[in-house]
Each structure stands twice: as C-alpha cells, then as structure tokens.
Amino acid sequence: MTMSLTKPAMRGLLAKRLRFHLPIAFGLSLIAAIAFKYAVTEPRNKAYADFYKQYDATKEFNAMKEAGIFESVRPSGE
Amino acid sequence: MFSAVLRAGFRSLSRTRANHTAPLAVRCYSHAEVETDEEFDSRWVTYFSKPDLDAWELRKGMNTLIGYDLVPEPKIIDSALRACRRLNDLASAIRILEAVRDKSGPHKEIYPYVIQELSPTLQELGISTPEELGIDKV
C-alpha cells in the first residue's frame, strides 16, 4: 500500500456540510416559492380579477332566474 | 454534560477548518470558557481510563461521544477499547470500530487512518476489525 496515511479532518464534518448545503436549501426553497407565486397564484388571481372586472351581477342573476334554479323567485314565464 | 455538548456543537458550527487547535474567538456564544480540542480529547481519554468504569458508563460514554459532530480521535478510541478489555466486552470493542466507520460518513479516508493508528492496540488486545471478521458487508 502507500506510506502511512496522513491524518484527515475529523471534526466539524457535519457543520461544514451544513454550512455549504443549508444556504443552498434555503435559497432553492425561496426560489421555488417565488416561482410558484408567479407561475401559479398570480395567473389564478389575475383570472379571477379579469372575470369579475366585467361581471354584471344583475344580468347573471336574471339568467339564473330564467333558468328556474331559484325557489324564492320563479322565471318570468310562470 | 449538556453544556459540553452545546459547546462542542457551537464550536463545530463556527469552525471553518477542522483540527483547529486554538480556541475560537468569542463569536456566537457567551463568554464561557471555550474548550480546546486537546482538552476535549483528554477529558474523554480520562473518562474511559477510569479503572472501575462499569458497563453502563462505557455504553453511556460511547453513545454521548457518538452524538458529537466529530469522529473520535484514535487516542479516545484506544482508551475505550482498553475499557472494553477490562470489562471483557469484545462485542462492544468491535462495535466501537463499526461506529467510527459510520461516523465518518462519506469521508472514506478517516476509518483506514483510525485503524492504522489503532493497529498496535488492536493487536495487543486481540481485537479483530469488522473487515477481518467479514461482517462489514451486509
């Protein structure tokens, strides 16, 4: 084999690993959260906002009324 | 004991390079005394050198030692193996060697070094390594 082995580092190995990996872990998590916010929740919220921007509640109510789904108010025909 | 664990833990977290023998500057902890690596090692060598150490104290010592963020120095392991000899506990002696290998984790150069340093003791006490017994592979 080789000459006698030199003494390797034996202390603080986990600390060294964490010092390297934890910032990466937090960073990636943060990026994942930001990416989700802008790729998923923002389009969803925008879709809701766009839907309700031109929403006419009265028109929708009358359409539902004519469809006969309400009990308290019947379609204009009956 | 708990404060020693805390100190060892904090010291390990603040250390940028292993085998740093000088005490760290006071940084992220109180103005309590910082134990040097040498003091830590000799404390543990003394612990296992107690002539009337009982089996419970051996197990307790080893389990505490394994909990630290370090691979025990060969001199600590030597002291523990001699305690096993006094207690006629070959099984624990071999288990200690397995524990050293496990504590090294991905750093495969540590275990051969420790075995190299311990080989006179292993010979003297007649302790086989897990590799010699063929129990190192699953």
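Is B:Glu124 buried or exposed? At 55% relative accessibility, B:Glu124 counts as exposed, because the cut-off for that class is over 50%. The views below come from a predicted model.

**View 1. B:Glu124 pairs with B:Arg82 in a salt bridge.** The closest N and O atoms of the two residues are 3.0 Å apart. This pair links distant parts of the chain. B:Glu124 sits in helix H6 of chain B, which covers residues 110-125. B:Arg82 belongs to helix H4 of chain B. B:Glu124 is exposed, whereas B:Arg82 is partly exposed, with a relative accessible area of 27%.

**View 2. B:Asp78 is a buried residue of helix H4 in chain B.** Helix H4 spans residues 74-86. The relative accessibility of B:Asp78 is 18%; buried means under 20%, so B:Asp78 falls in that class. Leaving aside residues up to four places away in sequence, B:Asp78 touches B:Leu118 and B:Thr121. With B:Thr121 there is also a side-chain polar contact of 2.6 Å. B:Leu122 lies 44 residues from B:Asp78 in sequence. In space, the C-alpha atoms of B:Asp78 and B:Leu122 are 8.7 Å apart.

**View 3. A:Asp50 forms salt bridges with A:Lys46 and with A:Lys53.** Side chains of opposite charge can pair when their charged atoms come close. For A:Lys46 and A:Asp50, the closest N and O atoms are 2.9 Å apart. For A:Asp50 and A:Lys53, the N to O distance is 3.5 Å. Both partners of the A:Lys46 and A:Asp50 pair lie in helix H1 of chain A (residues 13-53). They are four residues apart, so about one helical turn separates them. A:Asp50 and A:Lys53 are also in helix H1, three residues apart, about one turn of the helix.

**View 4. A network of salt bridges links residues of chains A and B.** From chain A come A:Lys7 and A:Arg11. From chain B come B:Asp37, B:Asp41, B:Glu73 and B:Lys75. Over all chains, the count comes to 16 salt bridges.

Key. Residues are numbered from 1 along each chain as its sequence is written. Chains are lettered from A and ligands numbered from 1 in the order in which they are written. This is a predicted model: local features need pLDDT of at least 70, side-chain atom pairs count only at pLDDT 80 or more; totals for chains, interfaces and linings use all residues. Side-chain values use heavy atoms; hydrogens and water are left out. Helices (H or I, at least four residues) and strands (E, at least two) are DSSP runs, numbered from the N terminus. Buried means under 20% relative accessible area, exposed over 50%, partly exposed in between (1.4 Å probe, protein chains only). Contact means heavy atoms within 4.5 Å. A polar contact is a pair of N or O atoms within 3.5 Å; within protein, one must be able to donate a hydrogen and the other to accept it, and residues adjacent in sequence count only if both atoms are side-chain atoms. A salt bridge is a side-chain nitrogen of Lys or Arg within 4 Å of a carboxyl oxygen of Asp or Glu.
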